[in-house]
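Thanks for coming. I have one structure to go through today, so please have the sequence and the model open.

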Amino acid sequence: MNTTKFGSYRWMIFKDADQWVGVALEFNIVVTGDDPRVVEVELREAVLGYLESAKKMEKLRVRDTQVNAVLNQSTEDEY
């Protein structure tokens with residue numbers, strides 16, 4: 001289980017028609033673009049921002065169950 005202090009996530013980048021798609025599976029973050037290297041950088045930046053938001057939620061004393069739900073989402077069937 002992911003927490004704001006420890007965890008892991010799975011990610012992948014694949015080509016879909018004429019676009020590259022990057023997905024962070026446990027966070028349901030999707031990034032698209034023309035260059036897979038740019039997609040990878042943007043996906044990592046999106047994940048870092050997502051984790052920072054989760055840490056802010058924790059500091060604001062949002063319920064642990066809500067923070068855990070954000071950090072441990074079910075992967076969309078599509079991926």
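Start with a term: a polar contact here is a pair of N or O atoms within 3.5 Å; within protein, one must be able to donate a hydrogen and the other to accept it, and residues adjacent in sequence count only if both atoms are side-chain atoms. This is a predicted model, in which local features need pLDDT of at least 70 and side-chain atom pairs count only at pLDDT 80 or more, while totals for chains, interfaces and linings use all residues. Residues are numbered from 1 along each chain as its sequence is written, and side-chain values use heavy atoms, with hydrogens and water left out.

Asn2 shows such a contact: its side chain reaches the backbone nitrogen of Ser8 at 2.7 Å. Asn2 lies in the segment before β1, residues 11-16; helices (H or I, at least four residues) and strands (E, at least two) are DSSP runs, numbered from the N terminus. With a relative accessibility of 8%, Asn2 counts as buried, where buried means under 20% relative accessible area, exposed over 50%, and partly exposed in between, with a 1.4 Å probe and protein chains only.

Now the sheet. It is open, with three strands in the order β1-β2-β3 and antiparallel pairing; two strands pair if DSSP finds at least two bridges between them. β1 and β3 (29-33) stand at the edges with a single partner strand each, so one side of each has no neighbour in the sheet. β2, residues 19-24, pairs with β3 over five bridges. Within that pairing, Val21 has Thr32 as its bridge partner, and Ala24 has Ile29. In the hairpin of β2 and β3, four residues lie between the strands, and Asn28 takes a positive phi near 55 degrees.

An α-helix has 3.6 residues a turn, so residues three or four places apart point the same way. At the start of α1, a side-chain oxygen of Asp35 comes to within 2.8 Å of the backbone nitrogen of Arg37. Just after α1, Arg61 takes a positive phi of about 65 degrees.
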